Amino acid sequence: MPLKSKAAAVAAAEPVSVEDLFTMIHRHIQADEFAQAANVADQVLKAAPGDEEAVRCKVVAQIKADEIDKALAAMRAAERLPIDLSYYKAYCYYRQNKLQEALDLLRGQEETAAILQLESQILYRLGRMNDCINSYEKLQKFKIDSMDLKINIIAALVAAGRASEVQAAMKALKVDLTTRALRDARSFELAYNSACSLIENKKYSEAKEQLDLSKRIGKEELMVEDYGEDEIEYELAPVSSQLAYVQQLQGQSQEAMQTYVNMINRKSADSSSLAVATTNLISLKGTKDAADSLRKLDRLIEKSTAPNQLQLIENLDFKLSPRQKEALYSARVLLLLHANKTDQAHELVSGLLGMFRDSVFTVLLQAAVHVKEKKVQKAEEVLNQYAAKHPENSTGVLLALAQIAANANHFQLAADSLSKIPDIQHMPATVATLVALKERLGDSNAAASVLDAAIQWWKNSMTEGNKLDVFTREAAAFMLNHGRDEEACLLYEELVKSHGSIEALAGLVATAARTNLEKAEQYEKKLKPLPGLKGVNVEALEKTSGARHVEGPQDMKVDVPEEVKKQKAKKRKRKPRYPKGFDPANPGPPPDPERWLPRRERSSYRPKRKDKRAQVRGAQGAVTRETAVSNAGGSSKGSQTTSSSKIPAANSDQPKASNKSRKKKSRS
């Protein structure tokens, strides 16, 4: 045996101590060789079965190697051991998107920093943003100065719809968004999340500045780490898609659409950014080319054999937030409705109702599908049930219900739905709609009550842009139209006292003339006299019988002032302008008076003569059907005068006549 092989065999035969094996595990983990570390941990467990540190090393190494199933199997094998592996098991469930099972495992655990971090991530993935923020607030007690923690807190606030709290949170976390501070922290995600909060607050210009800063700093960071151009574009795709979204909100539709199309065609983004770009592109295009938009969305959705089961491709279920997934599926439902694929839309909405319980938009989509199916009462029932169950979140539902009911001539239901929205009860559009609905129902008293309530509200309102004058004027016009002259007069009088407009004063005088003549005369004196009416005798005008309609033209004698006559007399006569080369002394013959008439209508028109000669069609010498019929009828005259009717015998010795001679005979 060679010396080297013999030494190796001796070394293999010698047992390795547990301490040396742990040293090997540590060395493998430091070199990111997690699979080898798990194998060495198995050797430790063979030497020392049930060793707690070895089990933990094996589980952690398998998780680091992305072998989640093996890690769970190792934990199941160690269940009899007195080792608490709940945290690792919860993390494995989190990685497998078994979020509720993971959260249940963490319940009752001691709130350590690791437990709270994992809990906050699970809650974020579940869409329970307020609970997620509570976990982050508890985590701050551990005084962890981590940039990742700050980034996650801001992201959770934005996702929870609490973007207005972001600026205060950044001050509390001592976050500096200057270029220098971000470069020192080597993180562009903080500027990105800050921009998202500004978008939620509709501060689009400031959001664009933050996104540009995030993109610039991110590009510098990635270039330092030797990323290529394509890799940098891929890593910064979320920032690019958000920049395009800001352009879309600012009305720069073409620029935003170009960015979305480039990302989709070149696939220069991760799956979640592609999903966002696709959904935003479809919202930009609207109903235009619905079939192409459906094809783009179908690339993101896996087909499932189970009914009403929806699943996104490439683990998009893990990467997209519940709000993003709802937007994606909702876009597909709307496209199916526009493409008249009602059955597919109905099936998809049924699945969404299970996925997004108590979601406003899903209920609105369900009602839209029922309306498309011409089941209006079913749509009204669905919206009514949701509004009764969630009164605090039913403004959009009640507006949709009012629109559907009004289109179906269910005016009472439409009016009741609008009356249940207190926030918009006194807005001009709402009041006008309610008044119109009450008038359709024939209830003018209820319509007047709506106007009175609006006027009273605006009287007590201290907001800018007060609409009291608008409502008072419209209410006065309403009262006049319904024969309530006294109420209209009072409203016009209030309007004159508060605003003093000429229109209101004229309306007051005209209205008071019907009810209170003294008041009309009193206010009439405040009207400015119209120019040109001083010489009009009103009393004499009232005694006349009025103007009469006279048929035909009439000679109207108008007194023209002398000044006007002199001005007319001063007008000089201009010489007529003639065409070039025309001599008015020798104009030549006059033009034909019928030159503008069609030729066949002129007196000189003569139609062309028709050729009355018989025209024989067919081969030379052939017999037409008419000739044969005439010969059969025994017409001797026809046989004498028409040469073509003479049929020579088969054995005739006479030569055939030429064409010219036949023509001469036919003309004679």
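Author: The protein has 37 helices and two strands. Helices (H or I, at least four residues) and strands (E, at least two) are DSSP runs, numbered from the N terminus. This is a predicted model: local features need pLDDT of at least 70, side-chain atom pairs count only at pLDDT 80 or more, and totals for chains, interfaces and linings use all residues. Residues are numbered from 1 along each chain as its sequence is written, and side-chain values use heavy atoms, with hydrogens and water left out.

Reader: Why is S197 called buried?

Author: Buried means under 20% relative accessible area, exposed over 50%, partly exposed in between (1.4 Å probe, protein chains only). S197 has 0%, so S197 counts as buried. S197 sits in helix 13 (residues 189-200). Leaving out residues up to four places away in sequence, S197 touches V158, A163, V166 and Q167. Contact means heavy atoms within 4.5 Å.

Reader: Which residues of helix 23 are buried, and what covers them?

Author: The buried ones are V360, T362, V363, L365, Q366, A367, V369 and H370. Their cover includes helix 21 (322-338), helix 22 (342-355), helix 24 (376-389) and helix 25 (395-407). Across the protein, 34% of the 668 residues count as buried.

Reader: What makes R128 and D131 a salt bridge?

Author: A salt bridge is a side-chain nitrogen of Lys or Arg within 4 Å of a carboxyl oxygen of Asp or Glu. The R128 and D131 side chains meet at 3.1 Å, N to O. R128 is partly exposed because its relative accessible area is 32%. D131 is partly exposed, with 32%. A search of the whole structure finds 17 salt bridges.

Reader: Which distant parts of the chain does the pair E233 and R266 link?

Author: The side chains of E233 and R266 meet in a salt bridge, 3.1 Å from N to O. E233 is in helix 15 (residues 229-235) and R266 in helix 17 (residues 253-266), 33 residues apart. E233 has 28% relative accessible area, so E233 is partly exposed. R266 has 52%, so R266 is exposed.

Reader: Are D292 and K296 buried or exposed?

Author: Both are buried. Their side chains form a salt bridge (2.7 Å, N to O). D292 and K296 lie in helix 19 (residues 290-298), four residues apart, about one turn of the helix. An α-helix has 3.6 residues a turn, so residues three or four places apart point the same way. A network of salt bridges links K285, D292, R295 and K296.

Reader: Why is V538 called exposed?

Author: V538 has a relative accessible area of 51%, so V538 is exposed. V538 lies in helix 33 (residues 538-543).
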